[in-house]
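Please walk me through this structure in connected paragraphs, giving the cut-off behind each term as it comes up.

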Amino acid sequence: MARRPKLAVWKFTSCDGCQLSLLDLEDELLEIAEAIKISHFTEATRRSQRGPYDLSLVEGSITTPAEREKILQIRRDSRRLVAIGACATAGGIQALRNFADVREYLSVVYANPDTIAALRDSTPISEHVPVDFELRGCPIDKRQLLEVVSAFLADRRPVVSEHSVCVECKRRGVVCVAVLGQPCMGPITHAGCGALCPAYSRGCYGCFGPAEAPNVSALARRWREDGAAPDDVVRMLRTFNAAAPAFRKESDPRGSD
Amino acid sequence: MARTRTIRVDSLARVEGEGALTLEVRGDELVDARLEIFEPPRFFEALLRGRSYEEAPDITARICGICPVAYQMSAVHAVEDAFGVEVPPEIGGLRRLLYCGEWIESHALHVFLLHAPDFLEFDDAIAMAKKHGDVVRRGLRLKKIGNRILQVLGGREVHPINVRVGGFHRAPTRGEMATLEDDLAWAVDAARDTVEWAASLPFPELERDEELVALRPEREYPFCSGPIASDRGLSIESASFLDEFVEDQVAHSTALVARRRSGGTYLVGPMARFALNADHLSPGARAAAAAVGLSPDERNPFRSIVIRAVEILHACEEALGRVRSYEPPAVASAPVTPRESVGHACTEAPRGILYHRYRFAADGTIEEARIVPPTSQNQHAIERDLFAFASTRLDVPEDELRRGCEQTIRNYDPCISCATHFLDLRVNRS
């Protein structure tokens with residue numbers, strides 16, 4: 001019998017929602033567990049096997065000195081490493097600290113901030129180790145996750161589109177909410193959700209991060225023309241993918257590299 | 001001098017988030033039991049400042065991937081409390097339906113995939129499925145049906161996109177809602193079987209005496225409303241939460257730990273809800289609880305798995321009723337006018353009451369936010385349960401003791417990312 005590939009799932013600073021997407025594959029979970037060996041997945045099993053692993057899925061951003069060390073070891077132990085979700089690919093909502101003073105943030109939440117270890121910035125996995133693929137979304141889409149796992153275990157590239165939410169919206173035949181006057185991040189946001197927000201009559205809020213080559217300035221200008229205040233534009237760009245370079249550049253022109 | 005030893009689990013599995021457990025033993029005596037939480041903080045209360053009230057439900061949802069609806073519900077109710085928004089009853093009904101979806105999904109995940117393997121002595125549900133395939137498949141299908149409700153009403157399972165202050169962005173059509181009906185009819189039967197199955201599991205003996213705190217609405221099983229009540233006579237509005245409960249920072253945890261201001265400890269979650277609200281369960285859930293001899297006086301934390309099963313049944317019955325009688329509301333959301341104000345709300349997350357408080361500027365900008373999640377409220381009770389459980393079992397083999405302690409913690413379905421905030425069991429023997 002062929003050797004079953006070994007899968008590991010890791011958590012860094014995050015909400016657990018992206019790894020939960022694996023358990024949300026209710027129809028496929030037992031079949032997946034037949035085809036691959038789940039060697040490390042703390043949320044699902046108390047058994048943990050040492051590496052090397054054929055594929056590691058990494059959720060969460062790096063926000064502590066200990067996490068910075070741990071990701072180096074996981075990279076050494078993993079033949080392929082895929083970052084899953086907005087925290088792992090862009091720093092997540094907790095990257096809002098990158099625009100503020102983390103010590104002041106600490107003092108808002110904790111009475112004795114000195115005892116809490118926290119790095120100044122929340123950073124994506126790719127800033128620390130080479131990443132074989134980044135799956136976007138806050139949260140990721142579980143169908144895309146299934147495609148990524150299948151592809152890497154078959155040694156092929158995953159089929160995941162990099163175009164914008166607008167393309168998905170047109171395909172789905174949804175009425176354009178921007179035309180109806182709502183600010184919508186669809187034109188600059190990476191596809192993957194299936195144009196969910198427009199299908200529920202609200203503007204896209206960018207939870208899949210920037211699409212390939214987005215024209216963020218043009219869209220921001222358009223929002224301003226439609227009456228948005230400068231603060232509103234900054235808030236739109238600074239949510240779950242605030243530290244993704246394309247969004248950061250527009251929301252913080254002086255602070256970006 | 002007595003010999004000391006440490007028994008430890010460095011990385012507690014099958015819980016949400018990162019934590020550890022340490023027992024300190026001196027001679028034959030247990031001297032300390034600690035639940036250590038080292039989930040890195042994300043500073044939600046700090047980063048909410050300067051955001052618009054409209055963003056509170058979507059931002060706070062990201063505190064937890066397993067119970068995002070709880071965060072969205074506490075957030076919208078706190079904002080509506082601040083601005084005096086009147087929400088029509090049909091929208092209130094849709095919110096209860098959304099919450100039913102999250103309870104079914106979250107409880108089924110915990111009962112079948114995270115907790116049951118402890119009782120049946122497996123490392124995980126996948127190993128358990130080899131012997132108990134029908135049970136695991138039933139659990140997965142129940143979980144999927146909870147998630148289907150979240151998809152139809154919320155757009156997706158994790159971090160739903162359809163909730164807004166005042167109501168929803170779009171109410172589902174009658175046709176969309178009808179796609180849930182057959183699944184829910186199956187789920188009611190499957191949930192009833194689950195109560196019977198859960199009650200047949202082997203339960204370690206443990207009797208605890210903590211104050212039980214839950215919402216206690218006048219006429220319904222608690223989700224989004226009702227005063228905060230306890231089995232010892234507490235009855236307060238959410239606005240007084242911080243007068244009665246305080247959070248402390250402790251050295252072994254990045255979660256703040258809550259207690260009664262008077263000094264006592266308490267617990268929240270299914271056992272507290274059931275103890276205070278059993279009379280408000282759906283008829284089927286009440287009958288199923290009675291059939292397995294489960295009473296509101298139940299105080300063995302290991303039997304919380306049976307109470308969760310009863311709550312799954314309640315949520316399935318309530319959801320089926322709401323789906324069958326659904327008429328789309330005239331408007332999907334009530335009008336909202338911001339004002340300078342403070343608002344509070346508690347709602348019942350699957351793991352217990354979740355408190356939000358916001359202070360707003362006149363234009364609705366958040367100036368201050370305070371969030372007290374269920375797991376930080378349960379941390380003291382978990383440690384006290386661990387102490388009570390382990391202190392009479394120090395002579396059992398260490399690996400067995402470790403498993404038992406892990407199971408004791410899982411009785412609470414702890415959500416450590418919520419509390420910040422993960423688990424790691426250490427036993428120090430001296």
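In this predicted model, A:Pro139 sits in the loop of chain A that runs between strand 5 (133-135) and helix 6 (142-153), where helices (H or I, at least four residues) and strands (E, at least two) are DSSP runs numbered from the N terminus. Another cis peptide bond joins A:Gly51 to A:Pro52, with omega near 0 degrees, and A:Pro52 belongs to the loop between strand 2 (37-41) and strand 3 (53-59) of chain A. A further backbone feature of chain A is found at A:Ala195, a residue other than glycine whose phi is positive, near 55 degrees; A:Ala195 lies in the loop between helix 7 (165-172) and helix 8 (196-199).

Residues are numbered from 1 along each chain as its sequence is written, and chains are lettered from A and ligands numbered from 1 in the order in which they are written. Local features need pLDDT of at least 70 and side-chain atom pairs count only at pLDDT 80 or more, whereas totals for chains, interfaces and linings use all residues, and side-chain values use heavy atoms, with hydrogens and water left out.

On a 1 Å grid over the protein atoms alone, a cavity is a set of points where a 1.4 Å probe fits but cannot get out, a pocket is an open set with protein on both sides within 12 Å along at least five of seven lines, and lining residues have an atom within 4 Å of a point. The second largest cavity holds about 140 Å³ of space, a volume being the space filled by probe spheres set on the points, which are joined across faces, edges and corners. Helix 1 (17-23) and helix 4 (85-90) of chain A each give two or more residues to this lining, and helix 4 of chain A provides the largest share, three residues.

Turning to the interface, 64 residues of chain B are in contact (heavy atoms within 4.5 Å) with 57 residues of chain A. The two chains bury about 5,300 Å² between them, 59% of it on carbon and sulfur atoms; buried area is the accessible area (1.4 Å probe) that two parts lose on being put together, summed over both. On the chain B side, B:Phe43, B:Ile161 and B:Gln249 lose the most area to chain A, together 13% of what that side buries.

The rule finds 11 salt bridges across this interface, each a side-chain nitrogen of Lys or Arg within 4 Å of a carboxyl oxygen of Asp or Glu. In one salt bridge, the side chains of B:Glu157 and A:Lys142 meet at 2.9 Å, N to O. Helix 6 (133-154) of chain B is among the helices that supply at least two residues of the side touching chain A, and helix 6 gives the most to that side, with nine residues.

Finally, the second largest pocket contains about 640 Å³ of space, and of its 23 lining residues the closest to the centre are B:His77, B:Glu80, B:Cys224, B:Ser225 and B:Gly226. Helix 4 of chain B gives the most to this lining, with five residues.
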